[in-house]
Amino acid sequence: MQDAVLAMLAKEPSHGYLLRERLRRALGPLGESMNAGQVYVTLTRLEKAGLVASEHAEGLPDRPDRKVYALTPAGQRRVAAWLSEVSWPKPNLAEFHLKLAAAAAGRLADPVELVDAQRRELMRRLGEAQRAVLAEPDGSTAGLLLEGIALRLQADLRWLEACERVWSKVVDESEDA
C-alpha cells in the first residue's frame with residue numbers, strides 16, 4: 001500500500017481523500033473495501049519515514065483546511081526503485097506446506113482435509129473474482145487486475161490438487177504402517 005500511495009503522489013501533490021479516490025478507481029471493485037483511514041495511516045507513516053512532506057492548504061469556505069502531501073527526494077527514489085522492481089508476489093506456499101507437514105507429523109489434523117478446506121476457500125474467491133471480471137467493461141485496467149487474480153487462484157487450485165494426491169498417499173502409507 002505504501003508504494004502505491006507514493007506512486008500516486010509522484011504525479012502531483014495531493015490530499016488524503018483524493019489519493020483514496022484514485023486508489024479506489026485503480027482497484028475497481030477491489031477498492032470498495034478499502035478502509036477510509038488506511039490511506040491516512042499510510043500517509044502518516046510515510047511522513048514519519050521522510051518519504052513525504054505535508055503542508056496545510058486552505059480549504060474552501062464550506063470545507064476545512066486540508067493537509068497536502070508531496071514526495072520528498074527520498075520518496076521519489078523509493079518510487080523509482082519500486083517501479084523498476086521485477087519480483088512477482090508469491091503466495092506463501094512454504095508456510096502452507098509446513099502446516100500440512102506439521103499436521104501429519106503431530107497427528108494434529110488430516111492434511112487432506114486441510115487441503116480440501118483451502119480448496120473450498122480458493123474456489124469461493126475464484127467465483128468472486130470471475131463475477132467481478134464479468135461486471136467490468138472490456139479493456140478496463142481493473143478488469144485486467146481481476147483477471148490476473150482469477151488466473152493466480154486457478155494456478156493455486158492446481159497446486160492444491162497436487163498436494164491432495166501426494167498427501168493422500170502419505171496418509172494411506174502411514175495408516176498401513
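**Close-up views of a predicted model**

**View 1. Helix H2 and its span.** H2 is built from twelve residues, and its first and last C-alpha atoms lie 16 Å apart, close to the 16 Å expected at 1.5 Å a residue. The structure shown is a predicted model. Helix H2 covers residues 16–27. After H2 comes glycine 28, which has a positive phi, near 60 degrees.

**View 2. The buried residues of H2.** Six names belong in this view: Gly16, Leu19, Arg20, Arg22, Leu23 and Arg24 are the buried residues of H2. The elements that cover these buried residues include helix H1 (2–11), strand S1, helix H3 (36–48) and strand S3.

**View 3. Arginine 22, a residue of helix H2.** Is arginine 22 buried or exposed? Its relative accessibility is 9%, so arginine 22 counts as buried, the limit for buried being under 20% relative accessible area. Which residues does arginine 22 touch, leaving aside neighbours within four places in sequence? Arginine 22 is in contact with Met8, Glu12 and Ser14.

View 4. Leucine 27 belongs to helix H2. With a relative accessible area of 30%, leucine 27 is partly exposed, because that class lies between the buried limit of 20% and the exposed limit of 50%. Together with Leu30 and Leu145, Leu27 makes a nonpolar surface patch of about 200 Å².

**View 5. Strand S3 and its two partners.** Strand S3 (residues 66–71) pairs with strand S1 (residues 14–15) in the antiparallel sense, over two bridges. Within this pairing, histidine 15 stands opposite valine 68 of S3. Strand S2 (residues 52–57) also runs antiparallel to S3, and six bridges join S2 and S3. Here the bridge partner of serine 54 is tyrosine 69 in S3. In a regular strand, side chains alternate between the two faces of the sheet.

**View 6. Glutamine 76 in helix H4.** Helix H4 spans residues 73–84 and contains glutamine 76. How exposed is glutamine 76? The relative accessible area of glutamine 76 is 47%, so this residue is partly exposed; the exposed class needs over 50%. Glutamine 76 and alanine 49 are 27 residues apart along the chain, and their C-alpha atoms are separated by 13 Å.

Definitions and conventions:
Residues are numbered from 1 along each chain as its sequence is written. This is a predicted model: local features need pLDDT of at least 70, side-chain atom pairs count only at pLDDT 80 or more; totals for chains, interfaces and linings use all residues. Side-chain values use heavy atoms; hydrogens and water are left out. Patches are made of residues with over 30% relative accessible area and no salt bridge: like charges are joined within 9 Å, nonpolar side chains (Val, Leu, Ile, Met, Phe, Trp, Tyr) within 5 Å. Accessible areas come from the Shrake-Rupley method with a 1.4 Å probe; for residues, only the protein chains shown count as cover. A salt bridge is a side-chain nitrogen of Lys or Arg within 4 Å of a carboxyl oxygen of Asp or Glu. Helices (H or I, at least four residues) and strands (E, at least two) are DSSP runs, numbered from the N terminus. Buried means under 20% relative accessible area, exposed over 50%, partly exposed in between (1.4 Å probe, protein chains only). Two strands pair if DSSP finds at least two bridges between them. The expected span of a helix is 1.5 Å times one less than its number of residues. Contact means heavy atoms within 4.5 Å.
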